[in-house]
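Student: I would like a close look at one part of this model, then its surroundings. Please keep it brisk.

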Amino acid sequence: MSKELIERLYRDHYLTREELVALINHLDDEGKKLLFHYSLQTKIRHYGKKVFMRGLIEFSNYCKQDCLYCGIRASNKKVERYRLSINEILQCCNEGYRLGYRTFVLQSGEDFWYGEDKLISIVKKIKGMFPDTAVTLSIGERGKTVYQKLFEAGTDRFLLRHETASKSLYEKLHPTMDFKNRRTSLNTLKKIGYQVGAGFMVGLPGQTAEDLAEDLHFLKELSPDMIGIGPFIPHGETPLRDAVGGSLEDTLVMVALARLMIPEALLPATTALGTLDPNGREKAILAGANVVMPNLSPTKVRPLYELYENKICTGDEPAHCRGCIEQRITSTGMEVDLGRGDSIQFQKNN
Ligand code: SAM
Ligand code: FES
């Protein structure tokens with residue numbers, strides 16, 4: 001039965017929620033092999049052997065939200081908080097540019113100390129100094145007007161994972177946030193013209209196969225340019241410290257299913273997967289992922305941006321990460337692409 005469903009998904013890029021639930025629940029080793037084979041073929045058909053590299057700059061670990069799973073949540077008083085100055089951010093970009101990166105991903109907690117003027121100035125400076133780069137923001141929820149102004153300042157892309165498409169689970173995990181607002185924000189970003197990234201965690205406490213099927217259907221409908229899927233990994237200073245967390249295998253299956261449901265998406269092999277298994281990112285690439293995001297943050301702040309425990313690469317210099325990731329990509333038989341790496345959907349519309 002799995003084989004028939006996988007073949008139909010490969011052909012039609014669609015299964016009903018019920019069919020996805022059946023597939024997720026009954027996938028055996030042989031089924032996984034076939035699924036990963038088709039997801040890799042699908043990735044190659046759309047993007048060839050290319051894997052895109054983005055330089056990640058984690059510029060602040062202050063956060064006003066209190067997501068139950070997250071190590072930098074506001075209630076975690078044990079975190080030493082930091083903010084990078086505009087100059088420090090520009091230095092990271094400079095080093096990244098020198099290493100060949102042409103996309104910078106600026107990520108932070110929801111830190112309103114960086115108001116619209118500061119953010120606009122950061123984006124404008126980066127785009128002014130490095131006009132052939134793409135700038136991605138991952139800073140959480142802001143209003144429509146701010147999103148619009150940041151777009152006009154030159155921001156190309158925005159990552160805002162929907163985290164889970166289950167309303168009840170979302171509400172349990174995000175006591176300070178609103179399910180509807182997260183989704184509205186994604187639609188707003190799309191309408192403004194950003195390349196938009198959504199995504200979810202796998203293995204959240206209480207998450208069911210039905211919830212995961214709903215995640216895939218939500219993504220199919222939204223049709224984002226980028227889809228971040230990673231395992232939930234517990235952090236000792238959060239209320240979910242004793243939770244089990246997501247497994248490598250379950251996450252790889254969701255990456256592969258996402259590749260088949262939304263074939264043209266850019267799909268990162270997440271750092272969280274590399275944390276669960278030393279070869280987690282390579283395995284994700286072979287399951288259909290085509291983006292990696294090595295860290296460009298200054299090494300002194302890296303251990304402080306601890307979303308989950310044992311996060312990898314917290315002691316490594318940017319140049320080391322760059323080489324390490326490149327070698328990991330080529331070991332899978334794929335090729336590094338240091339270009340801007342815009343999504344196919346975006347390229348067609350522009
Ligand atoms: N504040 C921004 C936002 O809300 O989009 C971006 C930063 S947030 C820390 C980036 C992502 O980290 C979240 O979207 C979430 O999926 C992931 N994350 C947070 N805690 C995690 C954990 N314990 N395990 C795995 N992923 C986690
Ligand atoms: Fe940083 Fe491998 S990605 S050392």
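How many residues surround ligand 1, and which are the closest?

Tutor: This is a predicted model: local features need pLDDT of at least 70, side-chain atom pairs count only at pLDDT 80 or more, and totals for chains, interfaces and linings use all residues. Residues are numbered from 1 along each chain as its sequence is written, while chains are lettered from A and ligands numbered from 1 in the order in which they are written.

Start with the ligand. Ligand 1 is surrounded by 19 residues (near means a C-beta atom, placed from the backbone, within 6 Å). The closest are Cys70, Gly140, Arg161, Leu307 and Tyr308. By class, the shell has 10 nonpolar, 6 polar and 3 charged residues. Ala, Val, Leu, Ile, Met, Phe, Trp, Tyr, Cys and Pro count as nonpolar, Asp, Glu, Lys and Arg as charged, and the others, Gly among them, as polar.

Now the helices (DSSP runs of H or I, at least four residues; strands are E, at least two; both numbered from the N terminus). Helix α3 (residues 29-47) packs against helix α10 (residues 248-261) at about 45 degrees, with axes 9 Å apart. Axes are lines fitted to C-alpha atoms, for helices over the stretch in contact, and angles run from 0 to 180 degrees between N-to-C directions. The two helices are therefore oblique (under 35 degrees is roughly parallel, over 145 roughly antiparallel, 65 to 115 roughly perpendicular, the rest oblique). The contact of α3 with α10 holds 6 nonpolar, 2 polar and 3 charged residues. Among them are Leu35 and Phe36 from α3, and Val253 and Leu260 from α10 (contact: C-beta atoms, placed from the backbone, within 7 Å).

A second pair is α2 (residues 17-26) and α9 (residues 209-222). Their axes come within 9 Å and cross at roughly 125 degrees. α2 and α9 are therefore oblique too. Contact residues include Leu20 and Ile24 of α2, and Leu212 and Leu216 of α9.

Three strands form an open sheet in the order β8-β1-β9, with parallel pairing (strands pair if DSSP finds at least two bridges between them). β8 (291-292) and β9 (335-337) are the edge strands, each pairing on one side only. Strand β1 (residues 50-53) is joined to β8 by 2 bridges. Phe52 stands opposite Val291 in β8. Helix α13 (residues 318-331) packs on this sheet and touches β1, β8 and β9; its direction makes about 135 degrees with that of β9.

Key: Contact = placed C-beta atoms within 7 Å.
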